[in-house]
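Please look through the notes below alongside the structure. They are arranged by topic.

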Amino acid sequence: AVLGQLSAGIAHELNQPLSALRSYTHNAKRYIEANNLEGALETLERNKNLIERMSFIINHLRVLARKPTVQIETVNLRATVEDTVRLMEPMIREQRIELNQYFHDEHVLVQGVSSAASDVYKRQVLINMISNAIDALSNCTTKKLRIAVMEQQENIVFTVQDSGQGISAVDLPHIFEPFFSTKEVGSGLGLGLSISYSIIENFGGSIKVSSSADTGTTFTVTLLKA
């Protein structure tokens, strides 16, 4: 069971960047055919970032058996959020979702374990939450997505809120359990939120969810302010 969960988790975390790589590679080819070298270079740079992200995930598996040296550093959460939203923009435009973003400050610094690791892990959490919100809005007439980053005393709180139909009261307590999913069979492994929960917990933070048929679903992540 542990090996099955590990294998499924690896497949889940690598599938999204691989899909994006396929799309970006196709776009780069089209840019080159149109002699748009600037567009091609920009797309290839995005490919490079995705490859680095996958490489970090794979390399991280090699050190799971030993406790790494922990170095607490600061991470600019706003930059991570903006980069992630930029990555997800094609899906948001395709679904014609109205996106609203709010940041309380230009630089939103939170504590993390080495800047590179924190950035990748927090981007994973954001991708999981935004992807779930996009899926929740797929069959809705009104499609609104709000991402906010706010300061609350010693913490930084960021939320992802959709205007979807919400999660049922029966399913809500199980939403962070491994392999639990409200999607149709074959549409997801049910590991994204479970992995996100573990990542945020390892950073000393917390992640919560609230949902109703009237207001949609809101994921709230609380992290320590740097």
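The points below go from the overall fold to the sheet, its helices, the core and the aromatic rings.

1. Basis. The model is predicted: local features need pLDDT of at least 70, side-chain atom pairs count only at pLDDT 80 or more, and totals for chains, interfaces and linings use all residues. Residues are numbered from 1 along each chain as its sequence is written, and side-chain values use heavy atoms, with hydrogens and water left out.

2. Overall composition. The chain has five helices and seven strands; helices (H or I, at least four residues) and strands (E, at least two) are DSSP runs numbered from the N terminus. Along the sequence they follow the pattern α-α-β-α-β-β-α-β-β-α-β-β. Of the 226 residues, 38% are buried, where buried means under 20% relative accessible area, exposed over 50% and partly exposed in between (1.4 Å probe, protein chains only). The accessible surface of the chain is about 13100 Å², and carbon and sulfur atoms hold 52% of that surface; the areas come from the Shrake-Rupley method with a 1.4 Å probe, and for residues only the protein chains shown count as cover. Among contacts with a separation of 6 or more, 71% are between residues 24 or more positions apart; a contact means heavy atoms within 4.5 Å.

3. The sheet. Five strands make an open sheet of mixed pairing, in the order S2-S4-S5-S7-S6; two strands pair if DSSP finds at least two bridges between them. S2 and strand S6 (206-212) are at the edges with a single partner strand each, so one side of each has no neighbour in the sheet. From one strand to the next, the twist averages 15°. Axes here are lines fitted to C-alpha atoms, for helices over the stretch in contact, and angles run from 0 to 180 degrees between N-to-C directions.

4. Pairing around S4. Strand S2 (residues 98-103) and strand S4 (residues 144-152) are parallel and share six bridges; asparagine 100 has arginine 146 in S4 as its bridge partner. S4 and S5 run antiparallel, joined by eight bridges, and alanine 148 is opposite threonine 159 in S5. The two strands S4 and S5 form a hairpin with two residues between them, and in this turn glutamine 153 has a positive phi of about 55°.

5. Threonine 218. This residue belongs to strand S7 and is buried, with a relative accessible area of 14%. Beyond its neighbours within four places in sequence, threonine 218 contacts Thr159, Val160, Gln161, Lys208, Val209 and Ser210.

6. Helices on the sheet. Helix H3 (residues 77-94) lies across S2, S4, S5 and S7, at about 175° to S2. H5 also packs on the sheet, where it touches S6 and S7, and its direction makes about 25° with that of S7. Within H5 (residues 192-202), the buried residues are Gly192, Leu193, Ser194, Ile195, Ser196, Ile199 and Ile200. After H5 comes glycine 204, with a positive phi near 80°.

7. The core. The largest nonpolar core has 45 residues, of which Leu77, Val81, Met129, Leu145, Phe158 and Leu223 touch the most other members. Helix H4 (residues 115-137) supplies the largest share, nine residues. Such a core is a set of buried Ala, Val, Leu, Ile, Met, Phe, Trp, Tyr and Cys residues joined through side-chain atoms within 4.5 Å. Apart from neighbours within four places in sequence, methionine 129 contacts Phe158, Val160, Ile207, Phe219 and Val221.

8. Aromatic pairs. Which residues do ring pairs link into a cluster? They are Phe176, Tyr197 and Phe219, and the structure holds two aromatic pairs. Rings of Phe, Tyr and Trp (its six-membered ring) pair if their centres lie within 6.5 Å; planes under 30 degrees apart count as stacked, over 60 as edge-to-face and the rest as tilted. Phenylalanine 176 and tyrosine 197 have ring centres 5.2 Å apart and planes at 45°, so this pair is tilted. Phenylalanine 176 is in the loop between strand S5 (155-162) and H5, and tyrosine 197 is in helix H5, so the pair ties together parts 21 residues apart in sequence. Phenylalanine 176 counts as buried at 18% relative accessibility, whereas tyrosine 197 is partly exposed at 35%.

9. The second pair. The ring centres of phenylalanine 176 and phenylalanine 219 are 6.3 Å apart with planes at 75°, so this pair is edge-to-face. Phenylalanine 219 sits in strand S7 (residues 216-224), 43 residues from phenylalanine 176, and the pair links distant parts of the chain. At 5% relative accessibility, phenylalanine 219 is buried.
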